[in-house]
Amino acid sequence: MKMRWITAALLALATGAASAQYPTKPVTMMVPYAAGGPTDTVARVLGVAMGKSLGQTVIVENRPSNGGILAPEVVKNAKPDGYTILIHHIGMATIPALYRQLRFNPLTDFEYIGLVNDVPMTIIARHDFPAKDFKEFLAYLKANKAKVNAANAGIGAASHLCGMLFMSAIQTDLTMVQYKGTAPAMNDLLGGTVDFMCDQTTSTTNQIKSGKVKVFGVASKTRVKSLPDVPTLDEQGLKGFEIGVWHALYAPKGTPKETIDKLSHSLQEALKDPVVNQRFADLGATAYPPDKATPAALEAQLKSEIAKWGPIIKKAGVYAD
Ligand code: ASP
């Protein structure tokens, strides 16, 4: 009995000492989607900035899967020592309603680090899509629904959610082609093998500006500063159409509080960094104020988003399995 107590006390001391020194080696940030996509872009900007205050490199590792359901499971099962963390988006709130079989629970399997940013979405199409404005785009979709393909990053991805809401708003069902991230979807869109998709401005801004894709609207309440000429979907008749993609950082359940505090602090420092803010602004994204880069703010956001999206998804009757 006494022996067991001493072992437990020694273990607690060792864990305490390890979290006091944390981090002594690089930290891995898992991304649930393909490299070069919108979430990957946010992770890489953030990783460089967080590395400065952590005094260690933040390595971005992609674990792409349809719907982004693999990376959370990997992080859930990782050692809770702060060396493996997860970046994910609104999918953490929508996935539980979309999957009947899910091997992680966003509400019980993670420690929360904090909120990162909000990213608007755009509706974009291949550059030679036969429509010059939103009105023609809609007319074409309705007249050609048997042959139009919409790309997305799988059930649970923001592009899927946005696409689903869009089809319901225009009362037209279209074929959805799934990818493990919108980076490979964008490649096919640029190559003209899929017709359109809904994707985050962190990925679409440069393609829109260089004219490589056609844009038919932004899915935010107001216009996006970096794309001032692009009207909102609401302005163009889809009243109330709005979806914002928020990102956040998570760690495996059981990661020591001292370690989580260091990660939150590092996230807060990154969100104050002018380079990060400029990069986000160029890509249409808005960093959360540092007081939202906290476990409590993320927990509140996750709970309220689960409560918001769960009923909408259930009503739509979409399931991944
Ligand atoms: N954000 C995802 C990506 O990085 C795609 C999505 O959520 O639709 O590819």
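Are Cys-162 and Cys-198 buried or exposed? Cys-162 is buried, and Cys-198 is buried as well. The model described here is predicted.

**The disulfide**

- A disulfide is a covalent bond between the sulfur atoms of two cysteines.
- The structure holds 1 disulfide, and the cysteines that form it are Cys-162 and Cys-198, with an S to S distance of 1.8 Å.
- The two cysteines belong to distant parts of the chain, 36 residues apart: Cys-162 lies in helix α6 (residues 158-169), while Cys-198 lies in strand β7 (residues 196-200).
- The link of Cys-162 and Cys-198 is right-handed, with 50° about the S-S bond.

**Helix contacts**

Two packed helices are described by the angle between their axes and the distance between the axes.

*α4 with α11*

- Helix α4 (residues 91-98) and helix α11 (residues 295-316) have axes that come within 8 Å and cross at roughly 40°.
- Because of this angle, α4 is oblique to α11.
- The crossing of α4 and α11 is right-handed.
- On the α4 side the contact involves Met-92, Ala-93, Thr-94, Ala-97 and Leu-98, and on the α11 side Leu-302, Glu-305, Ile-306, Trp-309, Gly-310 and Ile-313.
- Sorted by class, the residues in the contact of α4 with α11 are 8 nonpolar, 2 polar and 1 charged.

*α9 with α10*

- The axes of helix α9 (residues 257-272) and helix α10 (residues 274-282) come within 5 Å, crossing at roughly 65°.
- α9 and α10 are therefore roughly perpendicular to each other, since angles of 65 to 115 degrees are placed in that class.
- Ala-270, Leu-271 and Lys-272 of α9 make the contact with Pro-274, Val-276, Asn-277 and Phe-280 of α10.
- The contact of α9 with α10 has 5 nonpolar residues, 1 polar residue and 1 charged residue.

*α2 with α10*

- Helix α2 (residues 38-54) also has an axis that comes within 10 Å of the axis of α10, and the two cross at roughly 170°.
- α2 and α10 are therefore roughly antiparallel to each other, since the cut-off for that class is over 145 degrees.
- From α2, the residues in contact are Thr-41, Val-42, Val-45 and Ala-49; from α10, they are Val-276, Arg-279 and Phe-280.
- The contact of α2 with α10 divides into 5 nonpolar, 1 polar and 1 charged residues.
- Val-276 and Phe-280 of α10 are listed in the contact with α9, and Val-276 and Phe-280 are also listed in the contact with α2.

**Backbone features**

Most residues other than glycine have a negative phi, and most peptide bonds are trans.

- The peptide bond from Tyr-22 to Pro-23 is cis, and its omega is near -5°.
- Pro-23 sits in the loop between α1 (2-21) and β1 (27-31).
- Gln-171 is a residue other than glycine with a positive phi, near 50°.
- The loop between α6 and β6 (175-178) contains Gln-171.
- Gln-171 counts as exposed because its relative accessible area is 71%, and the cut-off for exposed is over 50%.

**Single residues**

*Thr-182*

- Thr-182 is in helix α7 (residues 182-191).
- Its relative accessibility is 5%, so Thr-182 counts as buried, the cut-off being under 20%.
- Leaving out residues up to four places away in sequence, Thr-182 touches Pro-38, Ala-153, Ser-159, Met-197 and Asp-199.

*Val-218*

- Val-218 is in strand β8 (residues 213-218).
- With a relative accessible area of 0%, Val-218 is buried.
- Leaving out residues up to four places away in sequence, Val-218 touches Met-121, Thr-122, Arg-223, Val-224, Val-230, Pro-231, Thr-232 and Leu-233.
- Val-218 and Thr-201 are 17 residues apart along the chain, and 8.9 Å separates their C-alpha atoms.

*Ala-316*

- Ala-316 is in helix α11.
- Ala-316 counts as partly exposed because its relative accessibility is 46%, and that class lies between the cut-offs of 20% and 50%.
- Ala-316 and Leu-165 are 151 residues apart along the chain, and their C-alpha atoms are separated by 9.1 Å.

Conventions
Residues are numbered from 1 along each chain as its sequence is written. This is a predicted model: local features need pLDDT of at least 70, side-chain atom pairs count only at pLDDT 80 or more; totals for chains, interfaces and linings use all residues. Side-chain values use heavy atoms; hydrogens and water are left out. A disulfide is a pair of cysteine sulfur atoms within 2.5 Å. Helices (H or I, at least four residues) and strands (E, at least two) are DSSP runs, numbered from the N terminus. Buried means under 20% relative accessible area, exposed over 50%, partly exposed in between (1.4 Å probe, protein chains only). Axes are lines fitted to C-alpha atoms, for helices over the stretch in contact, and angles run from 0 to 180 degrees between N-to-C directions. Angles under 35 degrees count as roughly parallel, over 145 as roughly antiparallel, 65 to 115 as roughly perpendicular and the rest as oblique. A crossing is left-handed if the near helix is turned anticlockwise from the far one by less than a right angle, and right-handed if clockwise. Contact means heavy atoms within 4.5 Å. Ala, Val, Leu, Ile, Met, Phe, Trp, Tyr, Cys and Pro count as nonpolar, Asp, Glu, Lys and Arg as charged, and the others, Gly among them, as polar.
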